[in-house]
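I opened my notebook to record what I looked up in this structure. My entries follow in the order in which I made them.

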Amino acid sequence: MLLLLTLAGWLSWRSSQAGFAWPWDSPTTVPRQRPVRAVSGKTVGIIAGHMGYDSGAVCDDGLQETQITQAVARLLAERLAQAGATVDVLAEKDDRLHGYRADAFISLHADSCIDLSGYKAARSEHSIQPLLEDKYLRCLYREYGEKSGLSQHLNSISHDMTQYYAFNQIDPTTPAVILELGFIGGDRQVLTTQQPRLAWGISESILCFLAD
């Protein structure tokens, strides 16, 4: 009886908004997404960096940044839709960006092919709701960092991030951040073979932000 109660308690603890994992699952297993009542009916906008515009960073062997961002954006959209959100996957320079309104917005990018490692995220330096967007960033740094296994690379946050053009096109009341998933050089294996984990980390970040 005690064993059954212990197992029931453990399963209850593991059954979170992230999904469900069995005791024998590998620690690298990405749990299936379950519906999250708090995000039902909410809208999330995702820019798949460089999609429909250009290739973004290109490595010597031809790997393109946009191949990574589109793959992660697709997986992220699937998880958020399974959670109950309405999701828009947007191209770079998408006409829908003008006045775009959502409960959360994120633009996905990947850093250059140089031999560095780490991720980073930022909001607009001209945000009209900095406390709200800082909360969004806290969720992102906690959840994405944990799920991706990557470290932060904060000293490379640039004006291209804090002054990202889309921040000035969407409705200013839409909470928005930009995420550099990692460096295509030093983090290539993670960015190309662990995309479900990256999408899981981002989706948990957004659910953390929306569910509170």
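**Entry 1: helix 2 meets helix 6**

I listed the contacts (heavy atoms within 4.5 Å). In helix 2, Ile68, Ala71, Val72, Leu75, Leu76, Arg79, Leu80 and Ala83 meet Gln195, Pro196, Leu198, Ala199, Trp200, Ile202, Ser203, Ile206 and Leu207 of helix 6. I sorted these residues into 14 nonpolar, 2 polar and 1 charged. My classes: Ala, Val, Leu, Ile, Met, Phe, Trp, Tyr, Cys and Pro count as nonpolar, Asp, Glu, Lys and Arg as charged, and the others, Gly among them, as polar.

I noted the source before going on: this is a predicted model, where local features need pLDDT of at least 70, side-chain atom pairs count only at pLDDT 80 or more, and totals for chains, interfaces and linings use all residues. Residues are numbered from 1 along each chain as its sequence is written, and side-chain values use heavy atoms, with hydrogens and water left out.

Next I looked up the geometry. Helix 2 covers residues 65-83 and helix 6 covers residues 195-211. Their axes are 8 Å apart, and the packing angle is about 50 degrees. Axes are lines fitted to C-alpha atoms, for helices over the stretch in contact, and angles run from 0 to 180 degrees between N-to-C directions. Helix 2 and helix 6 are therefore oblique to each other. The cut-offs: under 35 degrees is roughly parallel, over 145 roughly antiparallel, 65 to 115 roughly perpendicular, and the rest oblique. The crossing of these two helices is right-handed. That word applies if the near helix is turned clockwise from the far one by less than a right angle; anticlockwise is left-handed.

**Entry 2: helix 3 meets helix 6**

I turned to helix 3, residues 130-148. Its axis and that of helix 6 come within 8 Å and cross at roughly 150 degrees. That makes helix 3 roughly antiparallel to helix 6. This crossing is right-handed.

**Entry 3: the whole chain**

I counted 6 helices and 5 strands. Helices (H or I, at least four residues) and strands (E, at least two) are DSSP runs, numbered from the N terminus. The order from the N terminus is α-β-α-β-β-β-α-α-β-α-α. Of the 212 residues, 50% are buried. Buried means under 20% relative accessible area, exposed over 50%, and partly exposed in between (1.4 Å probe, protein chains only). Of the contacts with a separation of 6 or more, 78% join residues 24 or more positions apart.

Is His50 buried or exposed? I found it buried, at 16% relative accessible area. His50 sits in the loop between strand 1 (43-48) and helix 2. Its phi is positive, about 75 degrees, although His50 is not a glycine.

Lys93 also went on my list. Its phi is near 65 degrees, positive in a residue other than glycine. Lys93 lies in the loop between strand 2 (86-90) and strand 3 (104-111). With 40% relative accessible area, Lys93 is partly exposed.

I marked Asp160 as exposed, at 63% relative accessibility. Asp160 and Ile178 are 18 residues apart along the chain, and their C-alpha atoms are separated by 9.9 Å.
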